[in-house]
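The structure is shown below.

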Amino acid sequence: KAGDKANVLTRPVFEECLQAGISVVSANYRFSSDAPFPAPMHDGARAVQFVRSKAKEWTLDPARIAVSGTSAGAALALWIALHDDLADPSSKDPVSRLSTRVTCASPHSGTAGLEAAYFKKHAGVSKLGGALWQLFGAASQAEFESPEKAALVREASPLLHATPDDPPLFLTYAGDPSEAPFASDSVQKDWIHHVCLGLPLKAKYDELHLECGFYYQSKPPPDGAEITFLKKHLLRETKTATP
């Protein structure tokens, strides 16, 4: 519902990326007040395609792209990372023909599910905030939970797209697992960034034997862990010539 691409300046890791030789792009997307799902997610996917289209001009490696974001931006980044390729090979638009798949992702405080049942099961809450309704063009929680919106909400939920070919993740969340469940009428700001909403994704990645760094309040990432993760997956190894 709010935010701007200039917020990238508040994340020290991106300066660390530049110092390591990793280029950084920050993009805006349409807010749900202007265009509901799938518009924001498709904007994010289009940003990946656009960066790929500029690879030669900007001296980038189109085969090595990561996505990141915080809160809503994290959910968007997760959706792009886990969703099947949105490339349209038959499109007249050359950018649309490019892949939306990424090398890795480092989202922060992004819920892995968006269904009412997901929030009830993992956070214990039944009173959802209006921002969730608005993402799907719903005017009330009843409309958000209606059968008419159900397929749309499932499509928007990153966890439901997880498959064995998905990229490595570096996930951070607020709070500790023991704090859930919350009171059923807790306000959204108290639980929407909580680790309980990321645990099912960590479990799914473990089941698929995929790499997933997973951190929260009492298990914070080691110093430099995020930039180490990004360098591991985005920088090409330099092989030393054999004498």
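Leaving aside its neighbours within four places in sequence, which residues is Phe 119 in contact with?

## Surroundings of Phe 119

The model is predicted. Beyond its sequence neighbours within four places, Phe 119 is in contact with Thr 111, Gly 113, Leu 114, Gly 124, Val 125, Leu 128, Leu 132, Trp 191, Ile 192 and Leu 197.

## Nonpolar cores

Phe 119 belongs to the largest nonpolar core, which has 49 residues. Together with Trp 191 and Leu 201, Phe 119 touches the most other members of this core. Two or more residues each come from α2 (39-53), α4 (72-82), α5 (116-123), α6 (130-135), α8 (147-156), β3 (169-172), α9 (199-207) and β4 (212-215). The largest share is that of α4, with 7 residues.

In soluble globular proteins, nonpolar side chains tend to be buried together.

## Cysteines

How many disulfides does the structure hold? The count is 0. A disulfide would need two cysteine sulfur atoms within 2.5 Å. For Cys 17, the closest cysteine sulfur is that of Cys 104, and because the two sulfurs are 9.3 Å apart, they are too far from each other for a bond. Cys 212 is also in no disulfide, and the nearest cysteine sulfur, again in Cys 104, is 12 Å away.

Is Cys 17 buried or exposed? Cys 17 has 3% relative accessibility and therefore counts as buried. Cys 212 is buried too, at a relative accessible area of 8%.

Technical notes:
Residues numbered from 1 in each chain as written. Predicted model: local features only at pLDDT ≥ 70, side-chain atom pairs only at ≥ 80, totals over all residues. Heavy atoms only, no water. Buried < 20%, exposed > 50% of the residue type's maximum accessible area, 1.4 Å probe, protein only. Core = buried A, V, L, I, M, F, W, Y, C linked by side-chain atoms within 4.5 Å. Helix = DSSP H or I, 4+ residues; strand = E, 2+ residues; numbered from the N terminus. Contact = heavy atoms within 4.5 Å.
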